[in-house]
Amino acid sequence: MPRIQDIGAFNAVRESGLGKLVPAIPRITVGMGTCGRGNGAEEVYHALNEAIQRGGLDVLLSGVGCFGACFQEPLVGVRLPGSPLVILRRVQANDAARILESVSTAVMPPDLIYAKIEEWDHVTGFVRYGQGYPEIAQWNEIPFFKEQKKIVLRNCGLINPSDIEEYIAVGGYQALYKVLIDARPDAVIEQIKAARLRGRGGAGFLTGNKWDFLAKAKGGSKYIICNADEGDPGAYMNRNEIEGDPHALLEGMIIGAYVMGASEGIIYVRAEYPLAVRRLHRAIEQAREYGLLGTNILDRGFNFNIELVQGAGAFVCGEETALIASLEGFPGRPHPRPPYPAEKGLWGRPTNINNVETWYNVAPIVTRGPGWFAETGSVKSPGTKVFSLVGKVQNTGLVEMPLGTPLKSFIYDIGEGAVAGRRVKAVQTGGPSGGCIPVEMLDTPVDYESLAQIGSIMGSGGMVVMDEDNCMVDVARYFVEFTHSESCGKCVPCRVGLNKALRILNAITEGAGTAEHLNLLDELGRMIRECSLCALGQSAPNPVLTTIRHFREEYEDHIVAHRCSAGDCQELALSP
Amino acid sequence: MQSAAHEVAHEALDASEKLLIDQAIAKHMDRPGALLGILEAVQSANTHKFLSMGSLRYIARETGVPPARIYSAATFYALFNLDPQGDNVICVCRGTACHTRGSRDLLEKLCLDLGLHGHEVSESSEADKLALTTPDRRFTIRTVACFGQCALAPVVEVNHHILSHVNERTLQREVKALTQGRK
C-alpha cells in the first residue's frame, strides 16, 4: 500500500476498509482478545476457518477485539449483507457447522443468540449494518449494555484490530488529518481544555493544562509517553483497549505530539500483556506503511515516531517519575516532584505522560467537539470511564459508563447483582490504592471527588465486588502484602511502614491481634499516607483505612472473638 | 547470592551467546528502555529463561554500564530470573479478582502437590512474588501480580497458555498431564 498523501488516497483506503467491515458477502467475527482466547476463541476461529476452507464458502472471517461482555465469551458476530450484526455468545468449536449453516439459511442458532446491532456510532464515524430479526434483542436492551456509552471502546469488538483499513473505515485518523490541515495546535489544546478531559490514570489532572505545560516548555526535543503499565490487580481496561483498537491510541498520541511539539513518543507497556504488545507492534508498522507515522506524516511535513518499550513487572513503574527512571535504564524508583516531567522528564527533556485511556479520548473530542464531550458525565468530570467489573458479581467484564453514575448501577443494573444465593458486601475500587466501599454507600456517584470523599479513589478503573465470603481484614492484608512487596524501598514510610502494617494485619488474621493493634494500624496508615514520596506509598494505606472505617466490627471480631465469619482467615475458620 | 561453584557454572559464555547479546545491544542501545530491552531479549533467548552472572557481566562490559546498575535492574524487576527456570512454568495469578475467588488455596495446593513447601512460602513476606523450582527442574511455580484476565478468575497460566475458572481438580489434571507427557 502506498503512503497516504492526499484526501483522495485517504478516501480510497476508507472505501477499502468499509469493503471489509460491511462486505457484500457474509462476515463472521470472533472476539480474539485475551479474555476470548482464555475461553476458547482460538479453537472457535480455527474450526470456523477450517469449515469455510473445506466448504469453499464465500465468507469473510475476521478476528476482532473484546466487546466487553467477558462473561459471555467467546463471542462470535455474524453479519449477512444488508442485515444486522448478530452477536452469538459462549460459542464452542463444535458450533462452527451450525453457525455456517445459519449463514446460508439466515436463521441464527437460537441457543447462541445474544443480541443484534443494527447500526453503530463509532463516534468518529457511523456504520449501518441493516435491519431485521425482530425477535432478537437490540444490544443496548441487554441489561449489561443498557446504560453504557461507548466512546473509548467505540471500536472494540467490531473492527479487526490488525487491519488499519478497518480503523480508517470507521473514521479513524480523520481527526489527525483535520488537525494537520488546520495547523492550529493551540486551538486543539483549547478544545481539550474546554472538554475538561481529566487524566484517566487515576489522579484526574486536567489533560488540557498538562498539554499546555509541554507545549509551552522551551527548547529542543520533547517526549510524549503513553503509560500502559497497567499494574493494578483486578483491572484490565488498558489491555483490552489496546488489544481491540490499537490505532485509536496511536492517533491520540500523534495528535498530541503535533500540538505539543514532540517528535518522539514512547509507549511503556506491561510485559504481562503479550497480545497487546503484538497488536501494538503491528499497528505501529502499519501506520508507518500508510504514512501516518514516521517522516512527513500525511504529507503535511510533520515527523513523529513511536517506540514500544516493555516493562518488566514492577508495579511502581506506573508512577510517572519511576517510569521515566525505568526508561533511562535504572530500577524504577520515583523522584520527588517538582520538577515535573513537563519541565524535566526523560533524559532531562520536557516530557508529557498520559494514561492509555486519556489518549483514546483525544480523537472523539477533536471530531465531535468539546461541547458534545461534556454532554456526558458530570460537570466536574465529563466523559466516560471504562471499568473492569469483576469479582463476586453475575456479569463480569469491561463496562464504559458516564462519570458520575452511582456505584449501585454498576453492581445491580449492569452486573445484575451477586452470584446466586449471596449478598454483595462491598466494592473495592481503585486497586491497591483504593478502598472498600460498603454496600450501604452504593449511592455514591463514581467520579474523582465523590470516591475520594469516602476514602477510596477511582484509580484506573478496577472494580472488584465482594460478598459475605470475603473477609475485609483479609482484603486489607492482601493489598498491603502487594504494596509492601511492590514498594521500591526508596523512602522509609513506605518501605518500613508497610512492613509493620503487614505484620500487624498478619497477626490479626492469625488470631493474635490486640485492641491496641487497631489504633496503631490507623495511626501508621495516616503516617504512611502523609509522609511517603510517591503515590504508591501515599495511597497504599487506603485499603486498610477504609476497611477500619467501614468494617470495624470485622476487625473487632477477629481480635476479640477470634472469629472470621467469612472463613477466609484459615487460623480462625470455624469448624463446621 | 549463589554459591561459588554455581556462579562459575554460569560464567562461561560461548560464542553464540555472545553474538546474541551483541545483537540485542545493537538493537536497543541508546533508545529509551534500552537496558530492559536487552535484558528481556537475553533472558527469553536462554533455554532456561534466566540471566546468568556471566551474561550480566558481559552486558556491562559491552554497554559500559556499571555492573552494579545492571545487577540492580535485574533484581528490581520481577520478570528477570537469576536462576534457571523449570521445563514447565506454572504461573498463578494473585490479582484481586483471583484472590477473592480462591487463588491462594490453588497456589498452596500446587506447591504441596509438587513437594514445594507451600506453607513456609506463604509465611515469608514476599509471598506474592514467588518463584520456586522443583529440585529436578521439571516445574517452576511462579506468581504474577495480575494477568488482567480478571473476568475469568481464578486464572493460571501453564506454559504460556491461560486456563480460566481453574479449580484444584483441573489444575491437578493439568500437572498430571505434564508429568506424564514428559516421561
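Tutor: Buried means under 20% relative accessible area, exposed over 50%, and partly exposed in between (1.4 Å probe, protein chains only). Helices (H or I, at least four residues) and strands (E, at least two) are DSSP runs numbered from the N terminus. The model is predicted: local features need pLDDT of at least 70 and side-chain atom pairs count only at pLDDT 80 or more, while totals for chains, interfaces and linings use all residues. Residues are numbered from 1 along each chain as its sequence is written, chains are lettered from A and ligands numbered from 1 in the order in which they are written, and side-chain values use heavy atoms, with hydrogens and water left out.

Helix α11 of chain A covers residues 246–260; at 1.5 Å a residue it should span 21 Å, and its end C-alpha atoms are 21 Å apart, which agrees. The expected span is 1.5 Å times one less than the number of residues. Just after α11(A), A:Gly261 adopts a positive phi of about 75 degrees.

From this helix we turn to strand β1 of chain A. A salt bridge (a side-chain nitrogen of Lys or Arg within 4 Å of a carboxyl oxygen of Asp or Glu) joins A:Glu166 to A:Arg27, with the closest N and O atoms 2.7 Å apart. A:Glu166 belongs to helix α6 (residues 164–169) and A:Arg27 to strand β1, both of chain A, so the pair ties together parts 139 residues apart in sequence. A:Glu166 is buried at 1% relative accessibility, and A:Arg27 is buried at 4%.

Strand β1(A) also contributes the most to the lining of the largest cavity, with four residues. That cavity holds about 150 Å³ of space. Of its 19 lining residues, A:Thr29, A:Val64, A:Gly77, A:Leu85 and A:Gly157 are the closest to its centre. On a 1 Å grid over the protein atoms alone, a cavity is a set of points where a 1.4 Å probe fits but cannot get out, and a pocket is an open set with protein on both sides within 12 Å along at least five of seven lines; lining residues have an atom within 4 Å of a point. Grid points are joined across faces, edges and corners, and a volume is the space filled by probe spheres set on the points.

A second salt bridge, between A:Asp121 and A:Arg368, has its closest N and O atoms 3.3 Å apart. A:Asp121 counts as partly exposed at 31% relative accessibility, as does A:Arg368 at 33%. Over all chains, the structure holds 34 salt bridges.

Finally, consider helix α9 (residues 207–216) of chain A, where A:Phe213 is placed. At 47% relative accessibility, A:Phe213 counts as partly exposed. The second largest pocket has about 1300 Å³ of space, and α9 is among the elements of chain A that give two or more residues to its lining. The largest share of that lining, five residues, comes from β12(A).
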